[in-house]
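Subject: A structure for you to explore

Hi there,

Here is the structure I promised to pass on to you. Please open it next to this email and look for each part as you read.

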Amino acid sequence: MPSFSAKHLPSQRHVAIVLFDRTKLIDVTGPLQVFNDARLPSGEKAYRVSLISEAGGPVVTDTGFALETQPFETCRASPPDTVIVSGGDSAILAARSTALLSFLGEMKGQCRRLASVCLGAFVLAHGGHLDGRRATTHWENCAQLREEFPQIDVHSDAIFEEDRGIWTSAGVTAGIDMALAMIEQDLNRSEALRLAQSLVLHVRRTGGQHQFSAALTRQMQSKGGEFDDLIAKMLAHLSSDLSVPRLAAMARMSERSFARKFTATMGTAPARFVEDLRVDAACEALQRGEARLSELPFLFGFGNAERMRRAFHRNKGIAPSDYRIRFGK
């Protein structure tokens with residue numbers, strides 16, 4: 001990849017967003033809005049954004065709405081500073097397009113940044129652009145990306161990753177976070193912060209992309225629902241003693257048999273499962289404004305604030321106080 005420095009870049013950078021049939025609309029419009037609103041110190045627009053596709057013309061997105069695009073040829077004549085591949089379920093099929101992969105291969109040698117939103121990472125992966133690099137994609141597809149491309153260092157809980165000029169972002173709105181980070185890199189933190197405030201966003205989101213329910217995820221993995229009744233009791237009595245001896249007694253099993261069977265069935269040890277439930281319940285309370293931070297350790301069975309803090313870091317990668325700021329009322 002060519003070497004660039006900020007002082008040699010044009011005053012207005014060109015960002016090209018790649019579309020294909022059934023592209024997820026927000027994967028395009030999210031970053032588009034951020035780059036469109038960025039300004040240079042003079043007040044002029046900092047970026048020129050174009051939407052491109054193989055043949056140009058209207059491209060129908062996953063919503064059924066079409067977006068007008070320019071053909072790849074326009075970028076070959078004048079390579080953009082940044083090329084971003086959009087996402088959506090159809091990205092998996094688009095990753096097989098020889099025309100798209102050939103175009104991105106050309107652009108990698110001419111543009112300063114190559115990036116993807118959500119499942120667009122599979123397009124970059126098929127082109128070999130992520131080999132030996134850190135990358136991410138939507139949390140539901142991280143395991144698939146890791147399995148199909150073992151040469152990629154997949155980070156399943158990252159909002160976005162940047163490794164030697166190649167950027168990837170997690171699901172859907174994470175493309176906005178990535179765009180803000182690019183603007184911070186190109187211009188300065190002040191402009192990124194101004195944009196974040198204007199768009200009512202966080203300039204840098206704390207925590208990872210895993211904000212889904214641990215209870216639901218584990219129960220979906222459960223075979224035959226053998227422990228469904230026990231899990232219901234756990235959820236109803238999170239502030240109570242949910243130690244392995246107590247749970248084994250509730251399940252009418254020996255401690256050893258219970259621990260072994262529960263771990264095999266649910267995919268995690270009983271103690272960690274209980275911790276997941278407690279953290280999720282505490283998060284919901286913070287989101288709804290139903291409890292003070294100081295009350296959570298006792299309401300949900302953590303015992304004390306330090307144990308709760310460690311549990312939050314293990315499960316969410318963020319302190320309870322930061323979670324409240326980011327997600328709470």
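This is a predicted model: local features need pLDDT of at least 70, side-chain atom pairs count only at pLDDT 80 or more; totals for chains, interfaces and linings use all residues.

Start with the open sheet, which is formed by 8 strands with mixed pairing. Their order is β3-β4-β2-β1-β5-β6-β10-β9. Which are the edge strands? They are β3 (57–60) and β9 (160–163), and each of them pairs on one side only. On average, neighbouring strands of this sheet are turned by 30° against each other, with direction ignored.

For a detail, look at β5 (residues 82–85) and β6 (residues 113–116): the two run parallel and are joined by 4 bridges. Here you can find V83 standing opposite L114 in β6.

**Helices on the sheet**

Helix α4 (residues 98–108) packs on the sheet and touches β1, β2, β5, β6 and β10 (166–169). The direction of α4 makes about 150° with that of β5. Helix α1 (residues 25–37) lies across β1 (13–18), β2 (47–53), β4 (66–71) and β5, and α1 runs at about 160° to β2.

**Two helices that cross**

Two packed helices are described by the angle between their axes and the distance between the axes. For helix α10 (residues 228–236) and helix α13 (residues 270–288), the axes come within 10 Å and cross at roughly 50°. That makes α10 oblique to α13. The crossing is right-handed. Which residues meet here? I231, M234 and L235 in α10 meet F273, V274 and L277 in α13.

F273 turns up again in an aromatic cluster, together with F227, F258 and F262.

**Aromatic pairs**

How many aromatic pairs does the structure hold? There are 8. In one of them, the ring centres of F160 and W167 are 6.0 Å apart and the planes are at 25°; planes under 30 degrees apart count as stacked, so this pair is stacked. F160 is partly exposed, with a relative accessible area of 24%, whereas W167 is buried at 4%.

**A residue in a loop**

Finally, find N141 in the loop between β7 (134–135) and α6 (142–148). Is N141 buried or exposed? The cut-off for buried is under 20% relative accessible area, and N141 has 15%, so N141 counts as buried. Leaving aside neighbours within four places in sequence, N141 is in contact with L119 and F122.

Terms used
Residues are numbered from 1 along each chain as its sequence is written. Side-chain values use heavy atoms; hydrogens and water are left out. Buried means under 20% relative accessible area, exposed over 50%, partly exposed in between (1.4 Å probe, protein chains only). Contact means heavy atoms within 4.5 Å. Rings of Phe, Tyr and Trp (its six-membered ring) pair if their centres lie within 6.5 Å; planes under 30 degrees apart count as stacked, over 60 as edge-to-face and the rest as tilted. Two strands pair if DSSP finds at least two bridges between them. Axes are lines fitted to C-alpha atoms, for helices over the stretch in contact, and angles run from 0 to 180 degrees between N-to-C directions. Angles under 35 degrees count as roughly parallel, over 145 as roughly antiparallel, 65 to 115 as roughly perpendicular and the rest as oblique. A crossing is left-handed if the near helix is turned anticlockwise from the far one by less than a right angle, and right-handed if clockwise.
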